Amino acid sequence: QVQLVESGGGLVQAGGSLRLSCVASERTVSNYAMGWFRQTPGKEREFVAAIGWSGVPTYYADSVKGRFTISANNFKNTVYLQMNSLKPEDTAVYYCAATGSGRGTQSLLLRGGDYWGQGTQVTVSS
């Protein structure tokens, strides 16, 4: 089973930046897409960004578009989320996700991942 491990969360002031990383335990051709979701207490997990393992296509939630950038390094089995111009509303636990065989980026953002990381806390203060 694919294991995903996130890192890079922390506390930052509004307007600041953080870079999240997610490392997959395996590189497999069956994993077509990776991405990020986030969750706050009392809310359902929401989509943030997704990327095809080749680097395209990319998708972003409207709430983060223009501020966040997702990228991937195939050789290192790693996906990144560069978060700029952070807002208090971005405070959440961020989860890395990946699709299994036969699922791509659009399926990931619409239906969630087949594999999930444990989450990393991002807190943005005002």
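## Report on a predicted chain of strands

Read along the sequence, the chain follows the pattern β-β-β-β-β-β-β-β-β-α-β-β, which comes to 1 helix and 11 strands. Helices (H or I, at least four residues) and strands (E, at least two) are DSSP runs, numbered from the N terminus. The model is predicted: local features need pLDDT of at least 70, side-chain atom pairs count only at pLDDT 80 or more, and totals for chains, interfaces and linings use all residues. Residues are numbered from 1 along each chain as its sequence is written, and side-chain values use heavy atoms, with hydrogens and water left out.

### Overall dimensions

Along its principal axes the C-alpha trace spans about 40 × 25 × 25 Å. Of the 126 residues, 44% are buried; buried means under 20% relative accessible area, exposed over 50%, and partly exposed in between (1.4 Å probe, protein chains only).

### Strand pairing

Four strands form an open sheet in the order S1-S3-S8-S7, with antiparallel pairing. Strand S1 (4-7) and S7 stand at the edges, each with a single partner strand, so one side of each is left without a neighbour in the sheet. Two strands pair if DSSP finds at least two bridges between them. The table sets out pairs of strands.

| Strands | Sense | Bridges |
|---|---|---|
| S3 and S8 | antiparallel | 6 bridges |
| S4 and S5 | antiparallel | 6 bridges |
| S4 and S9 | antiparallel | 6 bridges |

Individual residues illustrate these pairings. Serine 21 stands opposite tyrosine 80 in S8. Phenylalanine 37 has phenylalanine 47 in S5 as its bridge partner, while the bridge partner of arginine 38 is tyrosine 94 in S9. Strand S4 is also largely enclosed by the rest of the structure, because 6 of its 7 residues are buried. The hairpin of S4 and S5 has 6 residues between the strands, and in this hairpin glycine 42 takes a positive phi near 80°.

### The nonpolar core

The largest nonpolar core has 33 residues, and those with the most contacts inside it are Trp36, Val79, Leu81, Met83 and Tyr94. Strands that each supply at least two residues of this core include S3 (18-24), S4 (33-39), S8 (78-83) and S9 (92-98). A nonpolar core is a set of buried Ala, Val, Leu, Ile, Met, Phe, Trp, Tyr and Cys residues joined through side-chain atoms within 4.5 Å. Not counting residues up to four places away in sequence, leucine 81 touches several residues, among them Leu18, Leu20, Trp36, Val48, Phe68, Ile70 and Tyr94. Contact means heavy atoms within 4.5 Å.

### Backbone features in the loops

Most residues other than glycine have a negative phi, and most peptide bonds are trans. Serine 85 has a positive phi of about 50° although it is not a glycine. This serine 85 lies in the loop between S8 and S9 and is partly exposed, with a relative accessible area of 40%. A cis peptide bond joins valine 56 and proline 57, with omega about -10°. Proline 57 belongs to the loop between S5 and strand S6 (58-60).
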